[in-house]
Amino acid sequence: MRLPTVLSLLLLLSSATTFTNAHNVTRLLAKHPSLSTFNHYLTITHLAGEINRRTTITVCAVDNAAMSELLSKHPSIYTIKNILSLHVLLDYFGAKKLHQITNGTALAATMFQATGSAPGSSGFVNITDIKGGKVAFGPEDNDGKLGVYFVKSVEEVPYNISIIQISKILPSDVAEAPTPEPSQMNLTDIMSAHGCKVFADTLLANPEAAKTYQDNVDGGLTVFCPLDDPFKAFLPKFKNLTAAGKTSFLEFFGVPIYQSLSMLKSNNGLMNTLATDGASKFDFTVQNDGEEVTLKTKSTTAKIVGTLIDEQPLAIYTINKVLLPKELFKAEAPTPAPAPAPEEAADAPKSSKDLTSAPSDSPADAPADDDAADDTADGNSGVRFNGGRLVAMTLSLCLGLLML
């Protein structure tokens, strides 16, 4: 097969892979004006971005009339996000699969469950294929009631994304509960209640750093909070910092944008922090290995081990180590190897004790090929040996030429 043909096939395969693995939910929904309000709120709640980053997803859309009924209750944008995230199933359900559910019923996890904001099983949706060819839906926390029905398939990209229309909003007291705006949340209370009390207390004792955190909440904030044990062990070093150093250090654990866990897994690379200021970079590197996300500086690697809150525009995660910014802490140099002992003079006589007690460099049954290395270690004997071999080879060559 010629090279141009191979390159063409590779390009075709590459473009096909890109097509099947990528989707844009707002672009797909834009083809359907009756679902425009639902589409609009996927965008302003930032759920659209979360959906687009998933490779297997089902979106249960509702028409404009159903959305008007929801909006008439004047929920906050944060409550709307919780409600709509209950309508995003973390599995693929096309029209055919809905009518062929194993044993007639399935329990699907939702994006609301994935945020950690849904206690117990309240973030799951029951899907049941009932008589008459109908498929019914009901939140698991709705006492088993299945009052919402499948209307039609809207868009399907097997087995990547399925957008289906359901008859109305899924009812859930948990999802519909009023959600306070992030600016009304007490960040240090959230940290203290979930294993980061030492860091929270240290932040509270620094009014400048605490204010920086609070001022950034509404615009987007992600916090990486060290757990109590590692931060408690670090406190003696923290107390040795200057006042300005302490403020910068505490601000180093905040990022002035919202980053969900799925965003962190896909957006690897350098990340600025609340302490970043011109030449003072105060940044770290985000890197993921499968489901594990790590934060790295020149001297420290910390792992995200828990989620305290993940609600746009605020996310707080726990980390298992204290990150050390290079602007305040120099990377520890590796311990130098011990200097080799001075070699004895080649012609220095050895005592009989040295000759009998010194350990051999190689096993007694080492192969003969190691003799050259041993001779070299003794001084010039290896050179004489190699020189003799060279002379013999030269003489043989000369005799061969004479015979010709």
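Colleague: What makes Val198, Phe199, Ala200, Thr202 and Leu203 of helix α11 count as buried?

Modeller: Buried means under 20% relative accessible area (exposed is over 50%, partly exposed in between; 1.4 Å probe, protein chains only). These five residues in α11 (197–204) are buried, so each falls under 20%. This is a predicted model, in which local features need pLDDT of at least 70 and side-chain atom pairs count only at pLDDT 80 or more, while totals for chains, interfaces and linings use all residues. Residues are numbered from 1 along each chain as its sequence is written, and side-chain values use heavy atoms, without hydrogens and water.

Colleague: What covers the buried residues of α11?

Modeller: The cover includes α10 (187–192), α12 (207–215), β8 (221–226), α13 (228–239) and α14 (243–251). Helices (H or I, at least four residues) and strands (E, at least two) are DSSP runs, numbered from the N terminus.

Colleague: Why are β8 and β9 called paired?

Modeller: Pairing requires that DSSP find at least two bridges between two strands. Threonine 222 stands opposite valine 255 in β9.

Colleague: Why are β9 (254–255) and β10 (269–271) at the edges of the sheet?

Modeller: The open, mixed sheet has seven strands in the order β9-β8-β14-β13-β12-β11-β10. β9 and β10 each have a single partner strand, so one side of each lacks a neighbour in the sheet.

Technical notes:
Contact means heavy atoms within 4.5 Å.
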